[in-house]
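Hi,

Here is the structure I promised to pass on. Have a look at it first, and my notes on what turned up follow below.

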Amino acid sequence: MKITGVRSFLLSYPFRSRCGFPLRGERTLLKRDAMLIRVEADNGLVGYAPGPGSESVQRAIGETIAPFLEGRSLADTDALRVLFLRGPGADAVLAKIYGAVEIALYDLVGKARGVPVSELLGGRVRDRIRLYGSAGMYMSAEAYAEEASAIAELGFRAYKMRPAAGPEQDLETVRQMRRAVGPDFDLMVDAHTWWRMGDRCYSPATVEQLAGDMAAHNIAWLEEPLPPGDHAAYLALKEKDLAPLASGEHEPDEERFLDLILTQAVDYVQMDVCCQGGYALGRRLFAEIARQGLRFAFHSWGTALEVAAAAQLGVCWPQTVVEWLEYPCYAAPGRAGMYPFPLAAEILTEPLELEGGDLIVPRTPGLGVTVDERVIERYPWIPGPWSLFRTDSPAETRAVIGDHSVEWDAGTK
């Protein structure tokens, strides 16, 4: 089987009106982006993968990765990766991008051999993986509580939200959510905005106080309450044993991931397969996470294809190591969620199978899902960042792009 074509398609869903969320300034959502990677072989089979909605990533695929892969035999994905990484100019950035494309290679090989991708990754030890419903962006405490209840009614056993209303209001939000869902439902608090407010960022003392106060309401974890690159600060907070900590989605490379893990700076390590190194890095990290007695939770903030791709890797490890898979809940008529992003579901011809708050991971060949390529024409690319953070002090606006391992776009306005 030879690779005959490698292409990537950037996709965008524009919001009909700008969605502004106050957070000591304002966050504005302009659109949501995605990438669909397509690899074709000479036998007519096609493999697919998710990728970050990034023009620089698309250029790297078109200018470097596609020319390397096209015309090569696809029998051993590991051997191809080693050959690519030994080539000229193959730095850490290109390695991450190759990791996304490689998911499509696994999909292709799985289809050719008639086995699910999980069997190519060492073999699954289970057929399902726990999901948490991820939504909740910058609302009132009452609205968060209502959404948490609605996510529970959808069958999820956990809910993640994003607070940014000030320490007292953030704590009140957790109180109201816990009252709304009862004691047996998991609540995750994603505090990534607490260090993104310019001069009004929460101080370490405030973060420490909130961690303890929120822990009293039995939160599953507190995610990124401090700048993600400051592993020493995470370790200092973790040693106070206030609330479980989670971080990882902004780690730029394997070295920094290993520092996070080996120092045991957090309880839950997070990684996004579509923009932080794909299956190869995930497999190496899981082994170290298991040795250190930590837990892993997939970051998954894109389409259903990304959820499916992550799940094939996750079920190769027991729940004691890979515990959670993030399932973004987007709004739709009659369905709870943060905002509409229909592309996320429409990229697949059939919905993923959810049962009792778990994803049932298919055993059909490849990733086990069917991609609907009509999304390529339906959601054409819109250049520019998808989100803007404006702070009052200092007065500046920073852009967020689709690669979650990058904290900000280059430059400010």
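A215 sits in helix α7, which covers residues 204-215 (helices here are DSSP runs of H or I with at least four residues, strands are runs of E with at least two, and both are numbered from the N terminus). With a relative accessibility of 26%, A215 comes out as partly exposed, because buried means under 20% relative accessible area, exposed means over 50%, and partly exposed is what lies in between (1.4 Å probe, protein chains only). Setting aside neighbours within four places in sequence, A215 is in contact with L242 and A243, where contact means heavy atoms within 4.5 Å. A215 and A243 are 28 residues apart along the chain, yet 5.2 Å separates their C-alpha atoms.

Before you read on: this is a predicted model, so local features need pLDDT of at least 70 and side-chain atom pairs count only at pLDDT 80 or more, while totals for chains, interfaces and linings use all residues. Residues are numbered from 1 along each chain as its sequence is written, and side-chain values use heavy atoms, with hydrogens and water left out.

Next, E223. This residue belongs to strand β7 (residues 221-223) and is buried, at a relative accessible area of 0%. The side chain of E223 makes a polar contact of 3.1 Å with that of W221 (a pair of N or O atoms within 3.5 Å; within protein, one must be able to donate a hydrogen and the other to accept it, and residues adjacent in sequence count only if both atoms are side-chain atoms). Not counting residues up to four places away in sequence, E223 touches several others, including K160, D190, H192 and Q270.

E223 also joins K160, R162, D190 and E326 in a network of salt bridges. A salt bridge here is a side-chain nitrogen of Lys or Arg within 4 Å of a carboxyl oxygen of Asp or Glu, and the whole structure has 30 of them.

A few other pairs are worth a look:

- E323 and R130 form a salt bridge, with their closest N and O atoms 3.3 Å apart. The pair ties together distant parts of the chain, 193 residues apart: E323 is in strand β11 (residues 322-328) and R130 in strand β4 (residues 128-137). E323 is buried at 8%, and R130 is buried at 14%.
- R390 and D392 meet in a salt bridge at 2.6 Å, N to O. R390 is partly exposed at 34%, as is D392 at 38%.
- E40 pairs with R38 in a salt bridge at 3.0 Å between the closest N and O atoms, and E40 is partly exposed at 29%.

Cheers
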